Amino acid sequence: MGQKEENCETNLISRQLNLSFHAVCLTLLSLLLPLSYLLFCRLSYTPLPPTLNSIILYVAISFLSLSSLFYSITGHTLHIELPNCIAWAILCLFQACITFGIEGTIRDGFLPLGNTSAFAHEMWLKRTLLFIGIYEQMMLWKEKFVEPVVDGTFIEKERMEQGIDRFIMGLSFSGLWLGLLQTEVGPLVLASTRGGFSKRVGWCDFVIWFVTFATLMTGFVRAVQFLVWQLSILLQFMYCRVEEQADGLAQGEDEV
């Protein structure tokens, strides 16, 4: 009996370790997408010649922003089923682009916007939509690219519930946003809508405008959908209350 209980306890500990490792892998690999915005804005603000890293980054972020906007409007996504080796190659390439790109901007003496008071008049709504938009892109990146790699490589099929998974993702992204992205990515992305990076107008500026517009529109659509959902719940609750009151009045009249 004692051996059986010991085996059950060992299996429980092993299961919890697998679930925790699964959540850590998903979170770290999913945070590559919001971190790519850090490099995206640095490359956009610093007038550097285009490199392979920047081109790959521009293409990847543009594709994800457009896909996220399309998904938020229609509810349908592209069914992408990549072999495990190709999915791993994409993740490694994306990681390498971000790592070498950020190191390159530091080596070239990148300095973020020092006078953030110039953006103090920006409406809080824009910042909120930017936050929601990047979060939705991160969840799409996790679902289409990260999960197939993590689930199909070395993690067992057992995983945390979807609600807990999304809560961990939201908490991790919120911490990253408050600790780094809000002060550096936020003003830079918002500045691109006003041509705040440079006087030139080229393909790079068009990519900046396109990604910013798609991200803000994604956040706007998701916010409207959430408000409509809350309003429908409120109307349904009010309708049920009115029906209960009407039934109560009808029963009182019958008793009289």
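This report describes the fold, core and selected residues of a predicted protein model.

## Basis and confidence

The model is predicted, and local features are described where pLDDT is at least 70, side-chain atom pairs count only at pLDDT 80 or more, and totals for chains, interfaces and linings use all residues. Residues are numbered from 1 along each chain as its sequence is written, and side-chain values use heavy atoms, with hydrogens and water left out.

The predictor's confidence in each residue is expressed as pLDDT, on a scale from 0 to 100. For the protein chain the mean pLDDT is 75, and 70% of the residues reach 70 or more. Among the elements, α1 has the lowest confidence, with a mean of 72, whereas α3 has the highest, at 86. Where pLDDT is low, the predicted coordinates should not be read in detail.

## Overall fold

The protein chain contains seven helices and zero strands, and its order from the N terminus is α-α-α-α-α-α-α. Helices (H or I, at least four residues) and strands (E, at least two) are DSSP runs, numbered from the N terminus. Two residues are in contact when they have heavy atoms within 4.5 Å, and of the contacts in the protein chain with a separation of 6 or more, 87% join residues 24 or more positions apart.

The protein chain has 256 residues, of which 38% count as buried; buried means under 20% relative accessible area, exposed over 50%, and partly exposed in between (1.4 Å probe, protein chains only). The accessible surface of the protein chain is about 15400 Å², with 67% of that area belonging to carbon and sulfur atoms. Accessible areas come from the Shrake-Rupley method with a 1.4 Å probe, and for residues only the protein chains shown count as cover.

## Nonpolar core

A nonpolar core is a set of buried Ala, Val, Leu, Ile, Met, Phe, Trp, Tyr and Cys residues joined through side-chain atoms within 4.5 Å. The largest such core holds 42 residues, and F40, M138 and W141 are the members that touch the most others. At least two residues of this core come from each of α1 (2-30), α2 (32-45), α3 (52-74), α4 (84-107), α5 (124-153), α6 (162-192) and α7 (203-255). The greatest contribution is that of α5, with eleven residues.

Leaving aside residues up to four places away in sequence, F40 touches L57, Y58, I61, V207, I208 and V211. G101, in helix α4, is 61 residues from F40 in sequence, and their C-alpha atoms are 9.1 Å apart in space. G101 is buried because its relative accessible area is 10%, and, not counting residues up to four places away in sequence, G101 touches L39, N53 and A96.

## Polar residues and an exposed leucine

Q137 lies in helix α5 and counts as buried because its relative accessibility is 0%. The side chain of Q137 makes a polar contact with the side chain of Y37 at 2.6 Å; a polar contact is a pair of N or O atoms within 3.5 Å, where within protein one must be able to donate a hydrogen and the other to accept it, and residues adjacent in sequence count only if both atoms are side-chain atoms. Apart from residues up to four places away in sequence, Q137 touches L33, Y37, L64, S65, S68 and T215.

S30, in helix α1, likewise counts as buried because its relative accessibility is 0%. With residues up to four places away in sequence not counted, S30 touches M138, W141, K142, V146 and M169. L171, by contrast, is found in helix α6 and is exposed, with a relative accessible area of 54%.

## Annotated transmembrane regions

An unreviewed UniProt entry places the feature "transmembrane region" at residues 20-40, 52-74, 86-106 and 206-229. UniProt positions are given in the numbering used here, feature names are shortened, and annotations may be inferred rather than shown by experiment.

In the model, residues 20-40 are 95% helix and 0% strand, with the end C-alpha atoms 31 Å apart. Residues 52-74 are 100% helix and 0% strand, and their end C-alpha atoms lie 33 Å apart.
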